[in-house]
Amino acid sequence: MNIVIRLLLLAMLPLQAWAGIGEAGARHLLSRTGFGANPAQIALYAPLSRQQAVDRLLDHVSYSALTAPPAWVNEPFERPGKPNLTEDEKKALQKERNEHALELRGWWLEEMRISPSPLTEKMTLFWHNHLVSGLDKVGVPQLMYQQNVLLRKQAVGNFGQLLHAIARDPAMMRYLDTVNNRKGQPNENFAREVMELFTLGEGHYSEQDIREAARAFTGWSLDKDFQFVYRPNLHDNGDKTIFGQQGNFDGDDVLDMLLRKPQTARFVTLKLWKYLVSPTPNEADIQRLSALFYRDNYEIRPLLRAMLLSPAFWNSQGQLVKSPVELTVGTLVTFDLTPPDWRALAGLNRQLGQDVFNPPNVKGWPGGDSWINSTTLLTRKQFLDRLSHDAAPIRNSFVMADGQMDEQRGREARIRRLVQAGLRPIKLQPDEWAAIYHVNTAADATRLLLAVPPAQPLPADMNGAQAIAPLLLDPAYQVH
Amino acid sequence: MFQRREFLKAMSAGLLVSVLPNLSYALAPAGYQRLLVLVELKGGNDGLNTVIPYSSDDYYRLRPSIGIARPQVLQLSEQVGLHPAMQSLLPLWQKQEVAVLQGVGYPEPNLSHFRSIEIWETASASNQYLGEGWLTRLFRSQPTPPGFAADGVVLSSQNLGPLDGGARAVVLNNPQDFARQAKLAADQQAGAHSSALSHILKVEGDIRTAASALQQPVMKPPANPADAPTAPPKAVGGFAQAINTLADILQNGTRIAVARITLTGFDTHGNQQPTQARLLGELADGLALFKARMQAQGPLGTTPWY
């Protein structure tokens, strides 16, 4: 008897582990780890088990962007604060920088939309919001681009290496005043934020730790081309006492001390959980995952894998408010849309509170409920309303006699239209979308578009194409 | 050269005062019978060229080029006077309806512009990060009565400022637009939702409440223009438009506790004088306009909305 039960249990375990995640599961996974998903991407993941699906995502991570950056990113640039400029020259320089800043935002948003590994961009954005620098203070778009390249390279790499690299990153060194930190005149900005916001979190260090750590970072500087340079004559070679240890520490020593504290693994794990899973982590999961992160020497991939395979992740549908880029880029991805103008989309995201490359302050975007207030919610709805308004009229052109969709005709129409438009920007085509992806019923559309049932129930007789607009405007579309 | 200082001005019944954030507790007991209007001079107004210490030799010594010449200063006392562009506030000053509070700040000022505003709007300590604006905290402990369209309306800005983080605040540039857009907000549905969805439904509810209150027909007969003591100054510019929008919705009987209007453009890194003169002129004219419109709508002191 006992043996039979055991055998049964053994037989059931792999079954559960290998069952396909289905469309709802695939939509959930792709929406959380990327920016929306079109029904074809969902169909690709639906038959996979949780483990297969997560491994597939992790096997496809990339380390550089596919979209070519604007040409100016590698060109020499004027130093901010160059003396003896006339008012007109200053204005022209500022205008050029603003122009570049806009192009840079458009470049990244486009990469989020087309990247074969949206997870890479999702994690790049996570680190951008954790190891924060912002254009307003950094001033030089080229430096923000270089930092973005670094964040992507280590997005699913190693947090320890990333921390060491970001401390020497020119944008960061300007943003948190490492460049103004010298022997005898310490600037504590970086030393404070590296402990408070990047590694330990408040309450896990003393003011003395900050003061002494600032001395350790002295001598880290930028040369005339804004590249990292160590200036020994500016370094404070005296003994420092940090976390009770005494020695002639330098900046890398301090970062290693921070990485040796398990609290750092816990702090980062907690933040990643809130980004990918839910606003309310449970203690057991956090303990398990941060222990793993620490043991694996801050390798990000195994942490991500364990987090995405935790049962809590698969029960968290609808618990996160979509960020502005998740909402806007995600909607474009879901409906295969190419925006006519990335600048307009960058401006929209700025209005919605997420101006990429320029977080509000060193704490980054607080996220969660704070994305939504009366203004931002109405602006989100206007964006979605305009998309539905501008959509091609629904004529049920591809509905067949038996209520099924004529996929072939839908595709042909799409190709004809793309050719006619010279492959230029396209607008939402509910009929084609429904035909190509077999979105026959309102229930099909709901499963593909929403994480939770709509707050406004749909009329029973709606078909898939008709359901798109009401589903986009439903409050449930704002969460995932 | 000079110390940039962002300061808020609050006006109640034509009374211009700077309100310290931690005075918020003092506002509540009145039961929101008075309307608090906050005007944000965005970009860092030069306070020493707004209320000018014209009797100080140091002022002229330290400001050889951007100082305001003594004869042009609108004298308020033997020590200080207003920028010449603020002529329209003088009649209010003479009727003792304007007060000036100088040197408002907080200990250990943070020199980051962005962080300074955050401290200002959340009334936090210099080294403390708070997620809620000081008015949001006030309205949580002292909720506005039923029937209020919103805790506050925000004009000429997308930023909720001290109303951020939970207050029932709506951004209102054009009430008609708002009413139209508000149709995009869903009716609230009862039922169990995740906290994320509940928050969205709450905000949709706030929008609909405010929109339906704003759409109510005019409750009061229009005031007899002959009763108005002086013709209101002409409304020019975005600030005056915002003032008129606010006066319009109050005239409609819309009940709110706070309004916040932003006048932007003070971020003058060079060539300050003409820009600041224009902006301070807009500010003074706008405040005088508001006073005139409120007076025209009903005797001050008997109507609760001013």
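Modeller: A salt bridge here requires a side-chain nitrogen of Lys or Arg within 4 Å of a carboxyl oxygen of Asp or Glu, and across the interface of chain A and chain B of this predicted model the rule finds one salt bridge.

Biologist: What makes the pair B:Glu204 and A:Lys381 a salt bridge?

Modeller: The N to O distance between the side chains of B:Glu204 and A:Lys381 is 2.4 Å, and because the cut-off is 4 Å between a Lys nitrogen and a Glu carboxyl oxygen, the pair qualifies. Across the interface of chain A and chain B the rule also finds seven residue pairs in polar contact. On the side of chain A that touches chain B, the largest share, seven residues, comes from α20(A), and that side divides into 14 nonpolar, nine polar and six charged residues.

Biologist: How many residues does each chain bring to the contact, and what area is buried between chain A and chain B?

Modeller: Chain A brings 29 residues and chain B brings 25 residues, while the area buried between them is about 2,400 Å², with carbon and sulfur atoms giving 65% of it. Of the area that chain A buries against chain B, 22% is supplied by A:Ser374, A:Thr375 and A:Leu378, more than by any other three residues.

Key:
Residues are numbered from 1 along each chain as its sequence is written. Chains are lettered from A and ligands numbered from 1 in the order in which they are written. This is a predicted model: local features need pLDDT of at least 70, side-chain atom pairs count only at pLDDT 80 or more; totals for chains, interfaces and linings use all residues. Side-chain values use heavy atoms; hydrogens and water are left out. Contact means heavy atoms within 4.5 Å. Buried area is the accessible area (1.4 Å probe) that two parts lose on being put together, summed over both. A polar contact is a pair of N or O atoms within 3.5 Å; within protein, one must be able to donate a hydrogen and the other to accept it, and residues adjacent in sequence count only if both atoms are side-chain atoms. Helices (H or I, at least four residues) and strands (E, at least two) are DSSP runs, numbered from the N terminus. Ala, Val, Leu, Ile, Met, Phe, Trp, Tyr, Cys and Pro count as nonpolar, Asp, Glu, Lys and Arg as charged, and the others, Gly among them, as polar.
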